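Please keep the sequence and the 3D view side by side while you read, and look up each residue as it is named.

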Amino acid sequence: MIKEDAAKTPASREREGDPASIRAEKTRTDREVSKTDQWLVINRKVYNVTGWAHKHPGGNQVLNHYAGEDATSQLVKDFQELRRTLEAMNMFSANPVFFLLHFAQVFILETLAWLMVWYFGSGWLVTIFISLLLTISQVQSSYLQHDLGHLSIFTKSKWNHLMQIIMMSHFKGLSTKWWNYRHSQHHVKTNIYPKDPDIDMGALFLLGELQPVKVCLELLKEMNLCAGHLTVNHFSLQDVAWVSSFYIRHFITFGPFYGIFGTIFHHFLFLFSERLIESPWITLVTQMSHIPMKMSNEQNWDWVSTQIFTTCNVEQSLFNDWFTGHLNFQIEHHLFPTMPRHNFHKVQPLVRSLCAQHGLQYVKKPLLESFSSQLSLPSHC
């Protein structure tokens, strides 16, 4: 439903951007927004998105983060023009061969792990080796499900959603719905505490300069430490079924070689070794572009500036592209989330030009430096 400002000022005053008109519109917006209502101002029109918010692909919380704000500033003219240019260059069209090879990589690694056990037996050396193979498969599956979650492979959304479920839940044993819910908020409010779930880690890890202060104040005020929680309301029976298929497939694949108890032991060994390697791998890759950058409370920056302030890139190489799943181009990815990753390096010069035009710093680092910068202490410590 669209609802224009009831106390509309004369058209001439609107065109001139009269301060009184702007204040009146802002006052009305603030008054209309409540915990249950969601309103946005776009081009001096107030939109009630409450009834539509639950249909948003990123979930209700995404629009809730912008409730009561003026969204017009997100659509800056130069950025719009750049996007139109990139669309004309077919930069949002996926290369089927590129993604076919990446899918094949996962299937080959999974098949090779089974063939190793079938041919060489289930000894310790074989078990350790296939765990390494499956770890690489898990990481590359993470990157593919990320592509699918951003609708950047298939032209039809339903095919992206289906294949994301297969890669995330069937191949990795994790909830797709839970990941989508959190990741959408990360892209909307990158490094904005506490709206970005990727930097809100409860009391286990306190990131940036604001979170330690906030937690200390809460401790002094309430003497109660509130740790992060699992958003179980974002799971479904369908999620449970698909995640279960990951474990069922594991038992069917390796049960004949290890036996029932041996398969259970191998499964936990595999999960332990795989998580022990995969978790730091994925964490380093996904956070190396954000943790070293600016973290803050809500600043109401325009969307383009937010992505650039809070994101940096890593230098390109064949190894870096493979190791990071092309997330070494996080600035381009955050500005154009639906763009296939194989096009990031092509649009990078245009993005850098846009940043230079508006005086925005475009940060790019070597891979090892980006890893070490996550562990660096603030200069005042």
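Predicted model: local features only at pLDDT ≥ 70, side-chain atom pairs only at ≥ 80, totals over all residues.

The paragraphs below go through the charged pairs, then a helix and a loop, and finally the surface and the record.

How many salt bridges does the structure hold? There are 5 salt bridges in the structure, and three of them are followed here, one after another.

One of these pairs is formed by Arg249 and Glu110, whose closest N and O atoms are 3.2 Å apart. Arg249 belongs to helix 10, which covers residues 237–287, while Glu110 belongs to helix 5, which covers residues 96–120, and the pair links distant parts of the chain, 139 residues apart. Glu110 counts as buried because its relative accessibility is 16%, and the cut-off for that word is under 20%.

Another salt bridge is made by the side chains of Asp147 and Arg341, with 2.7 Å from N to O. Asp147 sits in helix 6 (residues 124–149) and Arg341 in the loop between helix 13 (330–335) and helix 14 (344–357), so the pair ties together parts that are 194 residues apart in sequence. Are the two partners buried or exposed? Asp147 has a relative accessibility of 5% and therefore counts as buried, and Arg341, at 2%, counts as buried too.

Glu278 and Lys172 make a further salt bridge, in which the closest N and O atoms are 2.5 Å apart. Because Glu278 lies in helix 10 and Lys172 in the loop between helix 7 (157–170) and helix 8 (176–188), this pair ties together parts that are 106 residues apart in sequence. Glu278 counts as buried at 5% relative accessibility, and Lys172 counts as buried at 2%.

Helix 7 has 14 residues and reaches 19 Å from its first C-alpha to its last, which is close to the 20 Å expected at 1.5 Å a residue. Its buried residues include Asn160, Met163, Gln164 and Ile165, and also Met167, Met168, Ser169 and His170.

Consider next Met91, which is placed in the loop between helix 4 (77–88) and helix 5. Met91 has a relative accessible area of 8%, so it is buried. Which residues is Met91 in contact with, once its neighbours within four places in sequence are left aside? They are Leu86, Met339, Pro340, Asn343, Lys346 and Val347. The C-alpha atoms of Met91 and Thr338 are separated by 9.9 Å, although these two residues are 247 residues apart along the chain.

Trp118, found in helix 5, counts as exposed because its relative accessibility is 52%, the cut-off being over 50%.

Finally, an unreviewed UniProt entry lists residues 92–109, 115–136 and 251–272 under "transmembrane region". In the model, residues 92–109 are 78% helix and 0% strand, with their end C-alpha atoms 29 Å apart. Residues 115–136 are 86% helix and 0% strand, and there the end C-alpha atoms are 16 Å apart.

Notes:
Residues numbered from 1 in each chain as written. Heavy atoms only, no water. Salt bridge = Lys/Arg side-chain N within 4 Å of Asp/Glu carboxyl O. Helix = DSSP H or I, 4+ residues; strand = E, 2+ residues; numbered from the N terminus. Buried < 20%, exposed > 50% of the residue type's maximum accessible area, 1.4 Å probe, protein only. Expected span 1.5 Å × (residues − 1). UniProt positions renumbered as here; feature names shortened; annotations may be inferred. Contact = heavy atoms within 4.5 Å.
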